[in-house]
Amino acid sequence: MIILYTDFTLQGPYVGQLKAAIYKQYSNAKIVDLMHDVPSFDVKHSACLLNSLIQYFPEDSVFCCVVDPGVGSARQAIVLKVAGQYFVGPDNGLFEYLLRSNDKLQAYKISWQPAQLSTTFHGRDIFAPIAANIAQGNFSGIESISLDSITCFDWANDLFEIIYIDAYGNLMTGITASGISKEAILELNGTKIQFAKTYTDMPTGKLCWYVNSNQLVEIALRGQSAANVYSSKIGDIVV
Amino acid sequence: MIILYTDFTLQGPYVGQLKAAIYKQYSNAKIVDLMHDVPSFDVKHSACLLNSLIQYFPEDSVFCCVVDPGVGSARQAIVLKVAGQYFVGPDNGLFEYLLRSNDKLQAYKISWQPAQLSTTFHGRDIFAPIAANIAQGNFSGIESISLDSITCFDWANDLFEIIYIDAYGNLMTGITASGISKEAILELNGTKIQFAKTYTDMPTGKLCWYVNSNQLVEIALRGQSAANVYSSKIGDIVV
Amino acid sequence: MIILYTDFTLQGPYVGQLKAAIYKQYSNAKIVDLMHDVPSFDVKHSACLLNSLIQYFPEDSVFCCVVDPGVGSARQAIVLKVAGQYFVGPDNGLFEYLLRSNDKLQAYKISWQPAQLSTTFHGRDIFAPIAANIAQGNFSGIESISLDSITCFDWANDLFEIIYIDAYGNLMTGITASGISKEAILELNGTKIQFAKTYTDMPTGKLCWYVNSNQLVEIALRGQSAANVYSSKIGDIVV
């Protein structure tokens, strides 16, 4: 299974061309669109979110991840093998949280280049064909490298920030729910936030936090868009 | 064929995770996204719309339907078998119109629970795996129940209301077109509406009604968004 | 592979119903959503964009193309065979640029009609089943016609206009990049526009043009939406 994780949005031909490039290389590929609206050009929050989602995919999944503000520049193109799953994408921090959370890792550099390479669409031209190859057990075009050659960042382990806002206006944070007590009172722009078990347990009109379906702390207003009512955006600090 | 009918929107990881859960259970599943923008949290209008769409799908289709404002509460999780098609989802009225329109029905309760169950995402954790099982002819995890145990509502058979607004601003109603004369003059907020056969027969700038491709009465303005011009929304009354 | 190219948007049941109609006829069809947000009701710009995208698909692809403002009127339903690829859709100019760019062509008229034909959704009722047949090598329902019977238009070969605006606000033009010098200064509503090789080479805050991943001239503002900042829309003239 090849899983797509990009900031392409569903507008335009980009996702369709990515898939066509995969099918060209591997006509029986099974492709799942995980997200195409990950925080746009925002590697840090996309990296944190990705780490919370991969547990729901089978062991031999190949993730084709493209959040790549530096496309066309000198950044490496890489592949990581993490506990049986493969991650293909740019070496810009997008796999930072995967790297930290796991100790059995292998890193590869993509050395292959297509005959025709666009300057703006390495997703289609490089990452898609490599992901298609790997999903078929073909590891040509990549070369083992040391983990030390992967670019690393000093972002916090738990991001006390909003990392994603869904269509309902719920505010997903980068806080691992298992690391925080149900008694904890969080705070967003001066508003205190208590725990609630489910949507239906939430008092109307009051921000609550709960453990979302990806095991992250999420903040919501029952029946309303917390993002609109509190003018929240990705990157806002939660304390 | 497994057909997805939800109010998840295409934002966020929700649809992708639903599909991954299906493929985990049934790796060769064929999945069709019917709609992910059904009226949000709005069981009545989603139920009416669903009933108009199922005729275009093969007999052995399995519909995975998730409009579930009460997720995490005590509402049952059910499966209905209606004329060869299966419907998996919450017992909250979403299948009300299917139940009325058919007499050869079988009802089941989902008794299976996964090892890990989130409080907010039963679509991924319960409905998707059960739909995947049924599509493979595996009926474990569900138990036959009496039709009387399904929650019923007293909504009108034909909803003289707007039940869905499409991207063009066309206003879909819950009125079955075969039950209404082409001479009928409808009315929306005081504006009279005549019948037109096709878009190209419509006079410019005048609301007309026609039989849409799902056999429902639909109201439109040629070349404009009726919804914008008439500030219409789902639930508005048509007389 | 069947490729979908429509102006349906991803809202509503339309794309799902198109796919169901394909699977009904050809249960093992492989379907790719190329675009569902091509310029709405806008045949000329959709035709130009289509011609730039087909090179990235395999030779035996079947394109199911629906931009059809005249649906239900007398316009023909046609199939074109162009260098091994098939194009199914309305005879309204949507294939104008394919016709011009190629000389080994065959034209067919769709003579088949389904038992039940809606007036507004020939995509589902006619084009999808025919595309599914052709993808399986079944050419019943279509009849060879002369190329002279295809409706033609006198649109310019290179459209010095904006033909599509993507989610980032980048302005795609209908200008073939190989036909224009890198020294060329373009102009949009009085603003001069110089060439840049990639996003990362662009000066901040200045419109630049570059060769996009489909070999067309594209105009962008680094890190901003050119469409918003310059209030641009499809059809705007570039000189």
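Modeller: Over all chains, a search of the whole structure finds 21 salt bridges, a salt bridge being a side-chain nitrogen of Lys or Arg within 4 Å of a carboxyl oxygen of Asp or Glu. The model is predicted, so that local features need pLDDT of at least 70 and side-chain atom pairs count only at pLDDT 80 or more, while totals for chains, interfaces and linings use all residues; side-chain values use heavy atoms, with hydrogens and water left out. Residues are numbered from 1 along each chain as its sequence is written, and chains are lettered from A and ligands numbered from 1 in the order in which they are written.

Side chains of opposite charge can pair when their charged atoms come close. One of the salt bridges joins the side chains of Asp33(B) and Lys19(B), at 2.8 Å from N to O. This pair links distant parts of the chain, since Asp33(B) lies in strand β2 of chain B and Lys19(B) in helix α1 (residues 14-25) of chain B, 14 residues apart; helices (H or I, at least four residues) and strands (E, at least two) are DSSP runs, numbered from the N terminus. Asp33(B) is partly exposed, with a relative accessible area of 22%, whereas Lys19(B), at 12%, is buried. Here buried means under 20% relative accessible area, exposed over 50%, and partly exposed in between, with a 1.4 Å probe and protein chains only.

A further pair in chain B is that of Arg75(B) and Asp68(B), whose side chains meet in a salt bridge of 2.8 Å, N to O, and both Arg75(B) and Asp68(B) are buried. The side chains of Glu187(B) and Lys192(B) also form a salt bridge, at 3.1 Å from N to O. Of these two residues, Glu187(B) counts as partly exposed at 25% relative accessibility, and Lys192(B) is exposed, with a relative accessible area of 55%.

From these pairs we can turn to the surfaces between chains. Across the interface of chain B and chain C the rule finds 0 salt bridges, although the count of residue pairs in polar contact between chain B and chain C, both at pLDDT 80 or more, is 10. A polar contact is a pair of N or O atoms within 3.5 Å; within protein, one must be able to donate a hydrogen and the other to accept it, and residues adjacent in sequence count only if both atoms are side-chain atoms. On the side of chain B that touches chain C, the largest share, 4 residues, comes from strand β2 (residues 31-35) of chain B. By class, that side of chain B has 15 nonpolar, 6 polar and 5 charged residues, where Ala, Val, Leu, Ile, Met, Phe, Trp, Tyr, Cys and Pro count as nonpolar, Asp, Glu, Lys and Arg as charged, and the others, Gly among them, as polar.

In all, 26 residues of chain B are in contact with 28 residues of chain C, contact meaning heavy atoms within 4.5 Å. Chain B and chain C bury about 2200 Å² between them, with 61% of it on carbon and sulfur atoms; buried area is the accessible area (1.4 Å probe) that two parts lose on being put together, summed over both.

For chain A and chain C, the contact takes 27 residues from chain A and 26 residues from chain C, and the area buried between them is about 2200 Å², 61% of it on carbon and sulfur atoms. Across this interface of chain A and chain C the rule finds 0 salt bridges, and the count is 9 residue pairs in polar contact, both at pLDDT 80 or more. Helix α1 (residues 14-25) of chain A supplies the largest share, 7 residues, of the side of chain A that touches chain C, and the residues of that side divide into 10 nonpolar, 13 polar and 4 charged.
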